[in-house]
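Subject: Structure handover

Hello,

Please find the structure below. My notes on what was found in it come after.

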Amino acid sequence: MKKLLMTLMAMMTCCLLDAQIIAPRILSDSHVMLSLEKQTRYLLLPVEEKAEIAHIRVLKDNNVCQTLNARLAVDKVDYFVPLELKKADLLDISFRGDRRTKGAMSELACWHEMKYVDEFDMTNREHFRPKYHHTPKYGWMNDPNGMFYKDGVWHLAFQWNPYGSQWENMTWGASTSRDLIHWDAQPAAIEADGLGTIFSGSCVVDKENTAGFGKGAIIAYYTSAGEAQTQSMAYSTDGGKTFKKYSGNPVLVSSVPDFRDPHLFWHAETQRWIMLLAVGQEMQIYSSANLKQWTMESRFGAEYGNHGGVWECPDLFRLPVRGTGQQKWVLVCNINPGGPFGGSATQYFVGNFDGHKFTCDSRPEVTKWMDYGKDHYATVTFDNAPDNRRVAIAWMSNWQYANEVPTKQFRSANAIPRDLDLFIDGTETYCGVMPSPEMLTLRGKPSKQLTDACEVVVTLKGSTEITLQNAKGEKVVMRYDAQKQTFSMDRTKSGDTSFSEHFPCTTVAPTHGQMKQLRLFIDRSSLEAFDGDGKMAMTNLVFPSEPYNTINVTNKAKVTIYPF
Ligand code: FRU
């Protein structure tokens, strides 16, 4: 009996203690302090996406060791995100927005739901999580960053919010792959510091040790987004596993508010590193011999192409022109908004680069798009790819609705990797876009059954309508018009389109000649259509309540389905 009483008392004390562990000390209607009584690896923060942002300062021994923004739950919990405590002892939380002043601060759902844990469960809980596209295990993702290849491994960093599935707290998340298809999540590559959060940028392999960090060191350049946008450097001497920030940061500063997204490459002819920066409505080109001191060389773009939005995420590289034995330079310019169907898109210019200046072959009013869907943005390419390949990866979403798409545990995937080259049509040279050859290795035995992850090859004999449909009547209708030489995709009835007025739409692409083969990559929440010769690419998200399980084609087209 005595033993039972003692056990009961012990249990009650334990419960009381547990209840007291997360006891907010309320200082005002918008300010709370939270002592971290327990020393577990993580504190699980309850997030409610509709809640206003809470600004959290993480303290240890009275010093701030981290700051972050999270939408702490007010009424209900949408999901949890892990805050690694690293022995911190206090959270200083200030709330923004009016919702916090309504109701008692002590009653907010977050105080009741916060949990001390040693493990964070990342098991997939999302119906729409793609099966073969790269996604973050949890949290928000936008642009691909710092992409390079070294010693058989493809490195892909990305704009990541570890504290919610909406844009905030930018850091570089990281993944690696040996085949461009299966990705392993790695610890965050570069985290925010006193200069700001970490915006987009690139990595290069410094083979000849020009920067002095060692032969083969990986040099990352990114935008520090603080009071101003400045360019900073970090370096890795362990093949990209960990990065140290350069002590001379920031390396490049400016008074222009939009000054970002450094993209670097080695220009062999001038023996210089080249950096491209997106600066408002133009791209600026800098050069350096040692990756530390930079000289401004030139600017491109003020009068060229589309200017419906801010120029972002540049890239510049040389590509072979099919059937000519020649090469030309391509300058990539992601733009948001201003895309052909609204919101974000990737435009590019074809011309020449002499180590100092980019000159465009086309007239200023000519605009070229790399992908004619709505969900292909922030496209950049890998440094140091093998076999002279130029491999591009894009973020598969659109700023018009990226924060609202119907997923929670994570938000956004990357489009499949694509190999680029150039082809001529009439008087213009265009970018050829082919699914990277690695995609062929996913193909299973040809089947008649459409699945939620497969490649469909359609052999076309002139104009054709291709419809994907499920038992609920949700469908996507694609039309190849051989006369007009266009391909279109209508996703107005594709499933859930309700989250944004900008989502339902039909996208249309020029096919630059007759299309003989259509390659369609289907995943749980995306469709990527390619002309078999790489003269047309179209990437669109779809959110069907159940997978499309039938395909209908007109005009005797032949369909082969390769399940993945
Ligand atoms: C493009 C972009 C970049 C910026 C990053 C911030 O999508 O706006 O210009 O560096 O996202 O997350």
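Two strands pair if DSSP finds at least two bridges between them. Helices (H or I, at least four residues) and strands (E, at least two) are DSSP runs, numbered from the N terminus. With that in hand, Thr-467 stands opposite Asn-552 in β39.

Before the rest, some notes on the source. This is a predicted model, in which local features need pLDDT of at least 70 and side-chain atom pairs count only at pLDDT 80 or more, while totals for chains, interfaces and linings use all residues. Residues are numbered from 1 along each chain as its sequence is written, and side-chain values use heavy atoms, with hydrogens and water left out.

The strands around β32

Strand β32 covers residues 464-469 and pairs with strand β33, residues 475-481, in the antiparallel sense over six bridges. Across this pair, Glu-465 stands opposite Arg-479 in β33. The hairpin of β32 and β33 has five residues between the strands, and Gly-473 takes a positive phi near 85° there. β32 is also joined to strand β39 (residues 550-553) by four bridges, and these two run antiparallel. In a regular strand the side chains alternate between the two faces of the sheet.

The chain as a whole

The secondary structure of the protein chain comes to two helices and 40 strands. Its C-alpha trace spans about 90 × 60 × 45 Å along the principal axes. The radius of gyration, taken over C-alpha atoms, is compared with a globule rule of 2.2 Å times the number of residues to the power 0.38. For 564 residues a compact globule would have a value near 24 Å, and the protein chain has 25 Å, which agrees.

Buried means under 20% relative accessible area, exposed over 50%, and partly exposed in between (1.4 Å probe, protein chains only). Buried residues make up 58% of the 564 residues in the protein chain. A contact means heavy atoms within 4.5 Å. Of the contacts with a separation of 6 or more, 61% are between residues 24 or more positions apart.

Two single residues

Is Val-391 buried or exposed? Val-391 is counted as buried because its relative accessible area is 0%. Val-391 is found in strand β27 (residues 391-395). Among the residues that Val-391 touches, not counting those up to four places away in sequence, are Met-147, Trp-154, Leu-180 and Ser-436.

Lys-38 has its place in the loop between β2 (31-35) and β3 (42-47). Lys-38 has a relative accessible area of 35%, so Lys-38 is partly exposed. Lys-38 and Asp-371 are 333 residues apart in sequence and 51 Å apart in space, C-alpha to C-alpha.

Rings

Rings of Phe, Tyr and Trp (its six-membered ring) pair if their centres lie within 6.5 Å; planes under 30 degrees apart count as stacked, over 60 as edge-to-face and the rest as tilted. The structure holds 33 aromatic pairs. One of them is Phe-95 with Trp-111, edge-to-face at 6.2 Å centre to centre and 80° between the planes. This pair links distant parts of the chain, with Phe-95 in strand β7 (residues 90-95) and Trp-111 in helix α2 (residues 109-113), 16 residues apart. Both Phe-95 and Trp-111 are buried. Elsewhere, ring pairs link Phe-128, Tyr-401, Phe-499, Phe-503 and Phe-543 into a cluster.

Regards
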